[in-house]
2 protein chains.
Amino acid sequence: MPARPQLDAQWSKRRTEKNRRLDLVRHMANGAVLPTGDIVAVLEALIAPGDRVVLEGNNQKQADFLSRSLAQVNPAKVNQLHLIMPSVSRPEHLDLFERGIARKLDFAYAGAQSLRISQFLKDGLLEVGAIHTYIELYARLYVDLTPNVVLVAGFKADRQGNLYTGSSTEDTPALVEAAAFRDGIVIAQVNEIVDDPADLPRVDIPGSWIDFVVQADKPFFLEPLFTRDPRLIKPVHVLMAMMAIRGVYERHQVQSLNHGIGFNTAAIELILPTYGEKLGLKGKICKNWTLNPHPTLIPAIETGWVESVHCFGGELGMENYVAARPDVFFTGKDGSMRSNRAFCQLAGQYAVDLFIGSTLQMDGLGNSSTVTRGRLAGFGGAPNMGHDPRGRRHASPAWLDLIETDDPLARGKKLVVQMVETFQGGGQPTIVETLDAVEVGRESGMPIAPVMIYGDDVTHVLTEEGIAYLYKARSLEERKAMLAAVAGVTPIGMTHDPANTAHLRQEGLIALPEDMGVNRSEATRSLLAAKSVADLVTWSDGLYEPPAKFRSW
Amino acid sequence: MPARPQLDAQWSKRRTEKNRRLDLVRHMANGAVLPTGDIVAVLEALIAPGDRVVLEGNNQKQADFLSRSLAQVNPAKVNQLHLIMPSVSRPEHLDLFERGIARKLDFAYAGAQSLRISQFLKDGLLEVGAIHTYIELYARLYVDLTPNVVLVAGFKADRQGNLYTGSSTEDTPALVEAAAFRDGIVIAQVNEIVDDPADLPRVDIPGSWIDFVVQADKPFFLEPLFTRDPRLIKPVHVLMAMMAIRGVYERHQVQSLNHGIGFNTAAIELILPTYGEKLGLKGKICKNWTLNPHPTLIPAIETGWVESVHCFGGELGMENYVAARPDVFFTGKDGSMRSNRAFCQLAGQYAVDLFIGSTLQMDGLGNSSTVTRGRLAGFGGAPNMGHDPRGRRHASPAWLDLIETDDPLARGKKLVVQMVETFQGGGQPTIVETLDAVEVGRESGMPIAPVMIYGDDVTHVLTEEGIAYLYKARSLEERKAMLAAVAGVTPIGMTHDPANTAHLRQEGLIALPEDMGVNRSEATRSLLAAKSVADLVTWSDGLYEPPAKFRSW
């Protein structure tokens, strides 16, 4: 062997640095418990300029006591942070950039803050590393984005730091593990600290992974992101839902699936017990779900359609209902739900037949994005679930049904359905010539255009006009023609020659409602198993407790 | 709303059944602790015919006390089990089928047992659900394969069932969670039970997820699967490793990567400190790894090439070395490694630039399989890491470097490299006209041929002849020609017209060693930073303690 080079003796710089920081705050802490009132000073001691900091903003659960406290640190002491956040959702998340505490952002989703991110980017207050899909962001925590500090939220902790997350476990385990096992610092805010470990309903994250817990000034904020009021479901949603059931779910025997947010998919959930029942499909389709606990799924659960639901996160108001249906939902020994976004995204990627989603803009090839001019909304889980997972090797009837060749090496395909009305409210076409994302990406200096779902991953486009079976397209030209044929009077739809419709229908490349046996006149709100939030409460035997803003009946 | 149908009052059948079974064995247990000697009777009580049972056979760690005990149950009481196993690796795993205790198998990998699985399948003793990639199998545990019983292995437990897995955490958390949170039964065998929870080095899995722990009759078996003796590395491996470094890693600026098992990749690891150093590549390539703790990576770590390694599992003998390098490896507060196959596979899928692997057979389009006649070896992690993850949205230099168009919506690509000698030992060609897998799949009635990595996912094929840059192919014909040009004198190589070579080289579609500045005469064993296992021990300052079978120096 060659002469052994002089080795660097320091193989534990991270551990030394962590211990140095912990020593700075030990006098303020009582073991693993930090005093609520000192949190700003503690953060100033534990976080160094330029640190990679994971701040738990999720779809639902927000470590908001910690984010509000971080926004109060002295920017002369703590600055230039590289924030890593699954979901940027609270005003103080952006205040961190305005105050110069944070500089760079890697994230997956931004809802209400998407306009402000876009503005800050333009103003040079913020630098975007990349927009990710959730599990891609977690994955990088174990490779090139290992965090120095992780700030998360739980429901209860004991004095050893054992953490009970309640039903919104969500992203927490994936975020904590990356720091806990690479000498990062983990701080969890909790609503309550119990003296006796036996008073924790269960342990979701062991205390040996957590450095400090701190009781928040008020319970963490939960966003009821997946609650859709059935009163806002229109007949066109019902028509599209009928087409989804007949033209996609029944046709391909879709047994496992994911639904996104939206009135379209809420309509599907609400007509399973009526329209689906009439078609005799119960037990044949839609059995295993990866899904947040959508209130609109209650009637389908109550009527026996649903064998299992694994959840990304919780949903405010659904706690008691979920706990009362353990055969369907994943719950712990204590009875409350365990959600887990990492595993649910994995399940939604590799183990389900179908993803069905919606978008703000789609082009003539089926590429879509929620990034539009002035809005950097991010992608969330859509890219992960809205593509054909090419590492999949097990078959299912739906997956096999999409094989279109005799090639002995042919494999099946995941169903990726885009379900969109051709026009948005306000008369904006959904189906456009060019995505705004192309221009936004160029202007912002992104290395690639921020596309949410790529057209070549989309197998079906479903509009109020009909379904384009894109997976059957034999050429790019044919693909365009099929999509245009169901694009209504949008700019893309106007490129369609109506004389070609009969041919496309005959070839089975597109289907109109009548081709699937869907009767337009049946498409009314009377098909909805629940027409209001109040109806959902009734279906749940009073177990579902809707948040105040949905209690308007 | 429609008249509410009569609801089934039973929403907790799984919990009731679990409690019924637990009650049968409580008198044998001391709280959560089962007596070692009664384990067969306990398994007969806790497992019912037809149950879905996850049995932890991993790449390394084996719940072998539990598998040996399960093989001893009375088949009249326990039979027709549906076994779900990441890795089928021990003789008793197959004995379960021979004795009629198990009937159906869903798995990801089978090493030493691949011949017997194939034989049992033929004999009708065993039915294969599907062959999976690891995280696909975990994913199904949360959708359509939720287990009734999960049998796992840990290092130590306390009397509340809190589990310390040691450095081979591997698949355990992903397997346990699926049962713990859906009223399945979880039993963990451990090497030692401690009375005082404080005597656990750390908690990897909380006791509230575990129903019973049992002290095994002897420590669980660990398979040193990733140890390669440098003495068996031949000059041809060194030549191929030089090409990989110059023609792939340097060329595309590969900073994060995964290496599989094999002498080819071991050679790459061992020439980084010599050949890579001479080329001035340190700090520019190969910084972040997703990898088992390969002993052959020690010299590269010691010379400062490696920033981080996240591990799927542990490797026997590497425990002390890993613990002494916490800046590089993921370790807990107790100092020992934390591996996690689910997260490492996620990282290897979504967060690294490159996967490089090998195979037993590859066809002229680059499709490959380890399933050959009479051998059902399974896929392990290869399909997951050996494809372009189409949900990825962040860029890296290597990923962007594979874009070949001006399309404004173009995205980058993961590098998927197949590194194979054109012939196997014994004169069998590696590159063949048709994969055995096609025939095996047909004969076994599989719904699709058991392909490990699909040709259209492969971006580079590297043989001792040169590199085919398949991602540049503009047509299927060109792709075939490129692969044939580096296929030597295999049947596929013989289809290559040597007159075409100059053209392919000129177009940059293939490269021979001289095209990459690789000097064949330098390709000797003297480039290896360690030439034996003893050398690796020396590099490690005596921290690496090779298993007995590698101590032959």
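Predicted model: local features only at pLDDT ≥ 70, side-chain atom pairs only at ≥ 80, totals over all residues.
I'll start with the packing in chain B. The largest nonpolar core has 88 residues. Within this core, the members that touch the most other members are B:L83, B:L105, B:I117, B:L151 and B:I187. The element that gives the most to this core is helix α2 of chain B, residues 39-46, with six residues. Domain 1 (18-222) and domain 2 (230-538) of chain B both contribute residues, so the core lies between them.

Take B:I117 as an example. Not counting residues up to four places away in sequence, B:I117 touches B:V88, B:L94, B:L105, B:F107, B:A110, B:L126 and B:L376. One of these, B:L105, is also among the residues that touch the most other members of the core.

Back to helix α2 of chain B. How many of its eight residues are buried? Seven of the eight are, so the helix is largely enclosed by the rest of the structure. The buried ones are B:I39, B:V40, B:V42, B:L43, B:E44, B:A45 and B:L46. What they pack against, all in chain B, is α1 (13-25), β1 (33-34), α3 (64-70), β7 (149-158), β9 (185-194) and β10 (212-215).

Now the helix pairs. Two packed helices are described by the angle between their axes and the distance between the axes.

In chain B, helix α8 (residues 235-252) packs with helix α9 (residues 263-278) at an angle of about 70°, and their axes are 8 Å apart. With angles of 65 to 115 degrees counted as roughly perpendicular, α8(B) and α9(B) are therefore roughly perpendicular to each other. Their crossing is right-handed. On the α8(B) side, the residues that meet α9(B) include B:H237, B:V238, B:A241, B:I245 and B:Y249. On the α9(B) side, they include B:F263, B:A267, B:I268, B:I271 and B:Y275.

In chain A, the pair to look at is helix α1 (residues 13-25) and helix α2 (residues 39-46), whose axes come within 9 Å and cross at roughly 155°. An angle over 145 degrees counts as roughly antiparallel, and α1(A) and α2(A) are therefore roughly antiparallel to each other. This crossing is right-handed too. The contact is made by A:R21, A:L22, A:L24 and A:V25 of α1(A), together with A:V42, A:A45 and A:L46 of α2(A).

Staying in chain A, helix α6 covers residues 134-141. Eight of its eight residues are buried, so the helix is largely enclosed by the rest of the structure. Its buried residues include A:E136 and A:R140 as well as A:I135, A:L137 and A:L141.

Next, the domains of chain A. The assignment gives domain 1 (33-222), domain 2 (227-352 + 520-543) and domain 3 (355-511). How far apart are the centres of domain 1 and domain 3 of chain A? Taken over C-alpha atoms, the separation is 35 Å. The two domains are in contact, with 15 residues of domain 1 of chain A against 15 residues of domain 3 of chain A.

A:A398 lies in helix α14 (residues 397-401) of chain A. A:A398 has a relative accessible area of 0% and is buried. Leaving aside neighbours within four places in sequence, A:A398 is in contact with A:H252, A:Q253, A:V254, A:D353, A:K413 and A:L415. Its C-alpha atom is 22 Å from that of A:L297, 101 residues apart along the chain.

A:Q253, one of those contacts of A:A398, sits in the loop between α8 (235-252) and β12 (256-259) of chain A. Its phi is positive, about 55°, although A:Q253 is not a glycine. Most residues other than glycine have a negative phi. Is A:Q253 buried or partly exposed? At 40% relative accessibility, A:Q253 counts as partly exposed.

A:E170 also has a positive phi, near 50°. Its place is the loop between β8 (163-164) and α7 (172-180) of chain A. A:E170 counts as buried, at 0% relative accessibility.

Last, B:L543, in the segment after α18 (533-539) of chain B. B:L543 counts as partly exposed, at 23% relative accessibility. Leaving aside neighbours within four places in sequence, its contacts are B:G317, B:N320, B:Y321, B:A324 and B:R325. The C-alpha atoms of B:L543 and B:L509, 34 residues apart along the chain, are separated by 45 Å.

Note on methods:
Residues numbered from 1 in each chain as written. Chains lettered and ligands numbered in written order. Heavy atoms only, no water. Core = buried A, V, L, I, M, F, W, Y, C linked by side-chain atoms within 4.5 Å. Buried < 20%, exposed > 50% of the residue type's maximum accessible area, 1.4 Å probe, protein only. Helix = DSSP H or I, 4+ residues; strand = E, 2+ residues; numbered from the N terminus. Domains from an automatic or database assignment. Contact = heavy atoms within 4.5 Å. Axes fitted to C-alpha atoms, helices over the stretch in contact; angles between N-to-C directions. Parallel < 35°, antiparallel > 145°, perpendicular 65-115°, else oblique. Left-handed = near helix turned anticlockwise from the far one by under 90°.
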